[in-house]
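Welcome! Please take a look at the sequence and the 3D structure below, and then let us walk through a few of the features together.

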Amino acid sequence: MALVNIHFLNLQKNYLFADIAKKVNAFKVMHPKADVISLGIGDVTQPLCPAVTEAMHKAVDEMATAEGFRGYGPEQGYDFLREAILKNDFLPRGIHLDVDEVFINDGAKSDTGNFQELLHWDNFIGVTDPIYPVYIDSNVMIGRCGVYKDGRWTNVRYMPTKAENGFVPELPKGRPVDVIYLCYPNNPTGTVITKQELRKWVNYALKNDALILYDAAYQAYIQDPKIPHSIYEIRGARKCAVEFRSYSKTAGFTGVRCGYTIVPKELTVSTFEGERISLNQLWLRRQCTKFNGCSYISQRAAEAIYSPEGKQQIQATIDYYMQNAKKMLETLRSLGYECYGGENAPYVWMRCPDGMGSWQFFEALLYGANVVCTPGVGFGPSGEGYVRFTAFGSHEKTDEALQRIEAWSKG
Ligand SMILES: *Cc1c(COP(=O)(O)O)cnc(C)c1O
């Protein structure tokens, strides 16, 4: 008899964006003429840059010749891309990594979700709260999170980030956390972590023999030169941290699919008997078994963002989105709303006015201004009372949405 993995049945049924779509559709049925603008979903909107599309066309043409054809590539990625990553993303920050420590993937969602497979099922996980739902849900799937009660999992340590603590999570007290998920710049709050604060986490991990899974998907949006782009800027991090990166937000690759994970060779975790096991070796084994590599065309596309033209072109798009973020912050603050993030990340995190709940404000904004935001509580219990706005829209749509919010707020 084939039995189901019952842990999947514990997953919360309604996915945030499906709920939002349902509410937006209900609104559209009642108001068929209304033109709804979404500042909600975290997908990019601007096209791929020319350096990338030229590299893709070239790669396709190569594949059309007998000499240039590529079949299965190395599971961990082609060296041309891994070397470009080391040379451009890490060496300029004084970080020396080996090619074997870079694993190319089809985006950060897969690896942030899959990496937990390497860890014993009863590790105790900790997440900053609110957070990208993939981290918890992928652990729920193997039964690591306990049961869901009153909006939280009983076996997960939630480390709140809110206005009251300046969005700086406190180190866990009491039972030590074994696996810590950090995401900076943060989705959904758009806030960042200083080197000094990050150092505290690295020291905590080293002291408690914990593992940090560090998601740096938004590092390209950092404007402040003092903010770390990589956890490996902190001494000792190679012994305790894995880092996930993605071209999705950096270069508009949400549809192309390519990213990478750094698993340092110095990083080990323990068996019950105290033997140290290399996660780099284990991840290589896992990838070779379950993954057949990211497409050659996508990897050539990713390589192209490191050319001088590519760098300049992707920066122009990042600047374009960050202009939206700046305008959003200015307008919302001028209307008296309390806003966070948006300076080193494409997200603005806004406190709902007058003690309103996330969903309550979401509906008020939808019906009042025909603008869609993302209810903060969808990202975890500490997100209640906040909403997220994304800067990934066009200038025109963003400006129009802000004008409507202004008219509605003043009206
Ligand atoms: C968008 C996003 C990613 C990237 O996912 P991909 O699978 O690379 O598209 C990773 N982490 C967070 C927090 C994100 O918001």
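## A sheet of strands

Two strands pair if DSSP finds at least two bridges between them. Helices (H or I, at least four residues) and strands (E, at least two) are DSSP runs, numbered from the N terminus. This is a predicted model, in which local features need pLDDT of at least 70 and side-chain atom pairs count only at pLDDT 80 or more, while totals for chains, interfaces and linings use all residues. Residues are numbered from 1 along each chain as its sequence is written, and side-chain values use heavy atoms, with hydrogens and water left out.

With that in hand, start with an open sheet of 4 strands, which run in the order S13-S14-S17-S16 with antiparallel pairing. Strand S13 (339-341) and strand S16 (374-375) stand at the edges with a single partner strand each, so one side of each has no neighbour in the sheet. The partner of S16 is strand S17 (residues 386-390), and this antiparallel pair is held over 2 bridges. Here you can find Pro-375 opposite Val-387 in S17.

Is Thr-161 buried or exposed? Thr-161 counts as buried (under 20% relative accessible area, with exposed meaning over 50% and partly exposed in between; 1.4 Å probe, protein chains only), because its relative accessibility is 4%. Its place is the loop between strand S6 (156-160) and strand S7 (179-183). Beyond its neighbours within four places in sequence, Thr-161 is in contact with Thr-128, Asp-129, Pro-130, Phe-167, Pro-169, Tyr-184 and Thr-189, where contact means heavy atoms within 4.5 Å.

Now turn to Gln-403, which lies in helix H13 (residues 395-410). Gln-403 is exposed, because its relative accessible area is 52%. Its C-alpha atom is 38 Å from that of Leu-198, a residue 205 places away along the chain.

## A space inside

How many cavities of 30 Å³ or more does a search of the whole structure find? The search finds 1. A cavity is a set of points, on a 1 Å grid over the protein atoms alone, where a 1.4 Å probe fits but cannot get out; lining residues have an atom within 4 Å of a point.

The largest cavity holds about 90 Å³ of space. Its lining has 15 residues, and Pro-47, Thr-250, Ala-251, Gly-252 and Thr-317 lie nearest its centre. Helix H8 (247-251) and helix H11 (308-334) are the elements that give two or more residues to this lining, and H11 gives the largest share, 5 residues.

Technical notes: 1 Å grid on protein atoms, 1.4 Å probe; cavity = no way out; pocket = protein on both sides within 12 Å on 5 of 7 lines; lining within 4 Å. Points joined across faces, edges and corners; volume = space filled by probe spheres on them.
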